[in-house]
Amino acid sequence: TELSKIRNFSIVAHIDHGKSTLADRLIQSTGTVQDRDMKEQLLDAMDIERERGITIKANTVRIDYEADDGERYVLNLIDTPGHVDFAYEVSRSMRAVEGSLLVVDSTQGVEAQTLANVYQAIDADHEIVPVLNKIDLPAADCDRVAEQIEDVIGIDATDAIQVSAKTGIGIKETLEAIVKRLPAPKGERDAPLKAMLVDSWYDAYLGVIVLVRIMDGVLKKGDQIRMMQTNARYGVERIGVFRPAMQTVDELGPGEIGFITASIKQVRDTKVGDTITHDKKGAEVALPGFKPSVPVVFCGLFPVDSSEFEDLRNAIEKLALNDASFSYEMETSAALGFGFRCGFLGLLHLEVIRDRIEREYNIELITTAPSVVYHVFGKDGVMSELHNPADMPDLSTVDHVEEPRIKATILVPDEYLGDVLKLCQDRRGIQEDLSYAGSRAMVVYDLPLNEVVFDFYDRLKSVTKGYASFDYQMIGYRIDNLVKMSVLVNDEPVDALSMMVHRDRAEARGRAMCEKLKELIPRHMFKIPIQAAIGGKVIARETLSAMRKDVTAKCYGGDATRKRKLLDKQKAGKKKMRQFGRVDIPQEAFISALKMD
Ligand code: GTP
């Protein structure tokens with residue numbers, strides 16, 4: 001296709017503002033998919049995405065459109081993941097296109113995620129077309145929302161398109177705006193091949209599928225290609241486009257977006273952001289800005305039933321094939337036995353993987369508390385990364401510890417501002433900015449990632465009754481007074497419960513943790529001390545008193561079936577517990593004990 005007849009774009013929106021619905025409508029109205037084949041939300045392929053209503057893997061679709069000027073255009077839509085955990089994937093997809101539709105729900109207005117994603121689009125030099133969605137609803141207020149887009153984001157909204165992705169109003173105008181207002185891609189057909197690796201995923205039939213955007217040159221079936229970062233070489237087997245079903249083509253030229261397959265075994269061999277070129281007469285210099293996505297949150301995954309360890313290994317290996325940003329290594333815990341220490345891009349990523357293991361592979365898991373990656377500097381000046389608080393070296397050998405910090409942007413209606421400020425302050429936040437957009441406040445905080453990773457978002461939602469929106473980006477590492485707190489149950493250390501805390505918060509955290517555990521651990525036949533300690537020093541203590549009677553005692557001589565039932569129940573319950581010395585700890589304890597109220 002001629003460059004001037006191509007338009008590449010993405011859709012930027014806050015969750016639920018209607019991105020998928022609009023994408024579906026654009027696809028449907030151009031006849032790309034027949035009405036009867038139209039499934040709700042075509043672009044969200046995986047069940048789990050559909051259930052949670054979030055888009056995880058970037059998807060793409062090629063739309064043919066005959067515009068009012070009588071010309072036929074090829075419109076390539078790249079669907080970007082909406083969640084901050086996938087910020088790097090978003091930024092790569094943005095670099096593969098020239099423009100964005102900024103979709104804002106006209107009954108809601110600009111939200112924190114809109115902001116985070118639109119700034120990525122601005123960074124990528126996009127032409128941005130504002131789209132005010134859901135105008136069919138009585139609460140729609142286009143003037144107010146347009147004004148907000150100008151005030152808060154700082155882009156011109158005078159030509160914002162008023163749309164109802166639900167009823168179809170404004171869809172034609174949106175297609176025309178894509179053609180008229182977004183720039184055509186640039187690129188040279190005769191230059192050496194430069195294709196950006198935008199995304200990749202594993203397909204059970206075809207192996208690894210790689211989504212590419214051709215910058216320069218031409219890619220054909222049978223070409224010998226080389227990945228410039230990893231230096232791996234492959235022969236291209238299949239080449240095609242998504243409409244949205246796969247359709248093979250002979251070649252992809254400059255400005256085009258499509259897929260290739262090349263007998264690539266694992267998704268990890270394809271690094272998002274890498275440059276693909278021809279093995280012979282290839283490009284000399286790769287596309288700028290490659291950086292691999294690194295996991296920032298780690299936690300342990302252990303099977304509840306320890307005989308399922310091999311099944312868990314199998315599940316994790318399969319999932320890792322399809323997700324290059326998920327890392328894992330085997331871990332043994334004195335308390336939990338064999339399992340894996342896994343690294344994730346963020347909390348949502350963790351939840352998605354955990355859910356998939358439990359649901360698709362039917363393995364019940366114990367998840368230990370998520371932890372961030374600390375930089376531990378030894379007295380000898382050597383820095384090591386700490387992925388697991390249990391591995392924290394002895395304090396006498398440690399010079400100092402650095403923790404990752406984030407910049408968090410929160411938008412919240414005025415009346416909840418006080419609660420939000422208090423929450424951020426409680427989490428060791430440093431306020432950087434506070435401004436207003438209408439009746440809503442926008443606060444920017446510098447916060448330790450550690451304080452956010454666990455339950456910050458839940459707390460934020462609850463103190464603002466769901467009205468706050470939140471987004472963050474990593475800003476780097478900073479030194480602080482951080483120590484490891486261990487937990488002892490019946491005088492045995494429980495490694496899975498150790499955590500890094502700020503020294504000034506340690507007593508309070510320790511006390512809260514002991515109180516929580518006292519509630520969560522069932523009584524035994526003996527007294528159980530529960531302690532929190534730093535180094536060898538106990539900083540908090542609770543005692544769980546002994547149980548008076550056996551549950552089944554009252555059944556002696558009585559109803560035998562009832563007694564057996566009770567024992568069966570106990571046995572089933574026991575499976576979900578882990579023995580620490582002589583004490584059984586229920587699996588919920590590992591997560592619940594760390595939640596702060
Ligand atoms: P994520 O995929 O979770 O990021 O959300 P999204 O932005 O893709 O939103 P989605 O398309 O799933 O729409 C969210 C909800 O809004 C759905 O219930 C849609 O049916 C509804 N919706 C989308 N567009 C419109 C519209 O124009 N009018 C009305 N009334 N509802 C709409």
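Residues are classed by relative accessible area: buried means under 20%, exposed over 50%, and partly exposed in between (1.4 Å probe, protein chains only). The model is predicted; local features need pLDDT of at least 70, side-chain atom pairs count only at pLDDT 80 or more, and totals for chains, interfaces and linings use all residues. Residues are numbered from 1 along each chain as its sequence is written, and side-chain values use heavy atoms, with hydrogens and water left out.

The whole structure holds 26 salt bridges, each defined as a side-chain nitrogen of Lys or Arg within 4 Å of a carboxyl oxygen of Asp or Glu. One of them joins Lys5 to Glu71 at 3.8 Å, N to O. Lys5 sits in the segment before β1 and Glu71 in the loop between β2 and β3, 66 residues apart. Strands (E, at least two residues) and helices (H or I, at least four) are DSSP runs, numbered from the N terminus. Lys5 is buried at 16% relative accessible area. Glu71, at 37%, is partly exposed.

A second pair is Glu256 and Arg62, with closest N and O atoms 3.4 Å apart. Glu256 lies in the loop between β14 (251-252) and β15 (257-261) and Arg62 in strand β2, so this bridge ties together parts 194 residues apart in sequence. Both residues are buried.

Glu451 and Arg428 form a further bridge, at 3.0 Å between the closest N and O atoms. Helix α10 (residues 449-453) carries Glu451, while Arg428 is in the loop between α9 (417-426) and β25 (430-437). Relative accessibility is 8% for Glu451 and 10% for Arg428. Both belong to a salt-bridge network that also links Glu403, Arg405, Asp446, Arg478 and Asp480.
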